[in-house]
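Dear colleague,

Please find below the structure that I am handing over to you. A summary of the findings follows it.

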Amino acid sequence: MAATALLVLSGCKEKKQSQDIIAPKYEAKAPQAPIRMENKVTTRDVKWLGKDYKVEISRVADDSLAMVQDDMGQKFVDNRYTVRIIRADGSVFFNKQFTKASFSSYIDSDFQKTGILDALTFDEVDGNELEFAVSVSHPQTDEYFPLELSVTNFGDISIKRDSDLDTSGTEEED
């Protein structure tokens, strides 16, 4: 009986815990196939100079454009945007395609090389101009180059760096 008790007590001994921390080794993932944004079409009805228009913006991930690559070697397909401004009778007033190259003289060399045309959205009517917000970004980051594209009622285009960013998330009335 004493031998059995000795075996039971020795089996219940607490094992000494190691102070070593074992963590899985981090292995960098190999780049996936080129990442592309989803093709998308947005439309918005606007009142411009007293008349009704429809602004249509389409985005296509375009394999014919040069791909960009991030620091990890991941490739990204750049985008082509088409802006159409359509009159109430259905006739097209404005129809133009934009790529990152359309904005190359307004962005720095880093964004020209490693950025994609990430966004082109209708912003507002400002007098005789329709204004659009444009961004060229480093893919999948918060780093972007903000631009403003304007189309006049004569179909003329102007582009400038957007220094009037709304960072509050709310619009203020003038």
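Is Lys47 buried or exposed, by its relative accessible area? Lys47 is exposed, with a relative accessible area of 53%; buried means under 20%, exposed over 50%, and partly exposed in between, with a 1.4 Å probe and protein chains only as cover.

Please note that this is a predicted model, in which local features need pLDDT of at least 70 and side-chain atom pairs count only at pLDDT 80 or more, while totals for chains, interfaces and linings use all residues. Residues are numbered from 1 along each chain as its sequence is written, and side-chain values use heavy atoms, with hydrogens and water left out.

Overall architecture

The protein has two helices and ten strands, where helices (H or I, at least four residues) and strands (E, at least two) are DSSP runs numbered from the N terminus. Along the sequence they follow the pattern α-β-β-β-β-β-β-α-β-β-β-β. The protein has 174 residues, of which 30% count as buried. Its accessible surface comes to about 12400 Å², with 49% belonging to carbon and sulfur atoms; areas come from the Shrake-Rupley method with a 1.4 Å probe, and for residues only the protein chains shown count as cover.

Salt bridges

Side chains of opposite charge can pair when their charged atoms come close. The structure holds seven salt bridges, each being a side-chain nitrogen of Lys or Arg within 4 Å of a carboxyl oxygen of Asp or Glu. In one of them, Lys47 meets Asp52 at 3.1 Å, N to O; Asp52 is partly exposed at 43% relative accessibility.

A further salt bridge joins Arg84 and Glu56 at 2.9 Å, N to O. This pair links distant parts of the chain, with Arg84 in strand β5 (residues 79–87) and Glu56 in strand β2 (residues 51–61), 28 residues apart. Arg84 is partly exposed, at 26% relative accessibility.

Lys100 forms a salt bridge with Asp78, the closest N and O atoms being 3.8 Å apart. Here Lys100 lies in the loop between β6 and α2, and Asp78 in the loop between β4 (75–76) and β5, 22 residues apart. Both partners are buried: Lys100 has a relative accessible area of 12%, and Asp78 one of 3%.

I hope that this summary is of use.

With kind regards
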